[in-house]
Amino acid sequence: MPDALSARRLSRRGLLAAGGAATLATLLAACGKDDAAKPAAGNGSGPWAFTDDRGTKVEAPARPARVVAFTGVAAALIDFGLDKQLVGVFGETKRADGTADPQAGDLNVEGVEILGNVWGEFSLEKYAALRPELLVTHMYDPDALWYVPDESKAKILPLAPSVAITTARVPMTKPIERYAALAESLGADLSAKKVTDGKARFDAAAEAVRQAVKANPGIKVMACSGSPDLFYVSNPKVSTDLMYFAELGVDIVVPTKLESGDYFEALSWESAGKFPADLILLDNRSTALQAKDLTAKPTWQQLPAVKANQVSPWDAVPRFSYAGSAPLLENLATAIRNAKKVS
């Protein structure tokens with residue numbers, strides 16, 4: 001999900017960028033169009049087209065060879081077999097010590113231009129210098145381009161065609177399929193062993209979650225994110241990964257007093273115990289407080305799952321590829337199998 005801490009800056013762009021008038025139904029209907037992904041002929045000669053989740057048919061005279069993407073998108077496209085086409089990224093890419101952010105996956109962070117490393121950073125000058133042929137990012141709300149700053153998007157978007165893929169209110173498998181289709185249209189071979197192995201691992205991990213739920217029934221799971229002032233409980237009816245976990249049988253806390261966008265409920269730390277849970281999935285991004293940072297919060301320490309040491313890291317913005325998402329399912333299956341009823 002978008003940064004829960006960003007919720008106060010955005011709304012899921014208020015976590016996200018301001019949305020347009022298109023409805024989600026329109027967006028999802030667009031996903032099924034016959035021309036959603038048309039690979040260019042031969043080695044990239046000839047016209048290229050892809051219909052994104054805004055319902056926009058993005059066209060170019062030739063297959064784009066210079067792609068700039070949100071870091072997590074770039075990592076997903078690499079998992080599907082792209083490589084040299086990715087010339088620039090934006091979003092958390094390098095940690096303070098210079099190592100790759102987990103969001104970057106197998107992306108060579110030294111081999112791409114980093115246009116911005118935090119929310120709100122996007123160098124227009126660097127972007128223009130890359131001579132981009134395609135911009136790709138997530139879309140959590142209609143027409144809201146993830147990590148493309150509202151204040152400069154009017155200058156950014158005219159420089160190259162853009163593709164946006166819906167990453168909310170649909171199960172996680174949907175954006176994975178859409179990014180696979182985009183990668184294929186850009187020249188990736190989805191029958192390559194790397195890709196099929198990733199799919200097999202994902203399918204096995206999904207089944208492991210189903211079996212863990214059956215073997216250890218009744219485990220209540222809460223996905224959350226911590227900030228200095230607020231405790232955010234995420235909504236499985238909107239967050240794409242949590243929606244998929246629920247489809248696999250996981251019993252996930254559903255918050256009741258949702259903020260704008262319906263992504264989460266923001267609780268004061270005094271109210272952190274509002275929702276009983278046996279297992280906590282804690283946002284592991286650098287923008288959120290981690291378990292070690294929360295020890296000073298008495299109400300955190302009093303949560304039954306925390307007392308039982310049943311807190312598992314949660315990738316709140318998943319890498320939407322089979323290879324990127326399989327470990328999330330594997331970790332979830334292990335956490336559920338090992339959890340005890342404590343709430």
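Entry 1. I started with E121, and I found it in the loop between β6 (113–116) and α4 (124–129). Helices here are DSSP runs of H or I with at least four residues, strands are runs of E with at least two, and both are numbered from the N terminus.

Ground rules before I go on. This is a predicted model, where local features need pLDDT of at least 70 and side-chain atom pairs count only at pLDDT 80 or more, while totals for chains, interfaces and linings use all residues. Residues are numbered from 1 along each chain as its sequence is written, and side-chain values use heavy atoms, with hydrogens and water left out.

Entry 2. Is E121 buried, partly exposed or exposed? I'd call E121 partly exposed because its relative accessibility is 38% (under 20% is buried, over 50% is exposed, partly exposed is in between; 1.4 Å probe, protein chains only).

Entry 3. Next I checked the neighbours. Leaving out residues up to four places away in sequence, E121 touches L115 and G116 (contact means heavy atoms within 4.5 Å).

Entry 4. On to the strands. I saw β4 (residues 67–70) pair with β5 (residues 86–90) in the parallel sense, over four bridges; strands pair if DSSP finds at least two bridges between them. A69 has V89 as its bridge partner in β5.

Entry 5. β4 also runs parallel to β7 (residues 134–139), joined by three bridges. There, V67 stands opposite L134 of β7.
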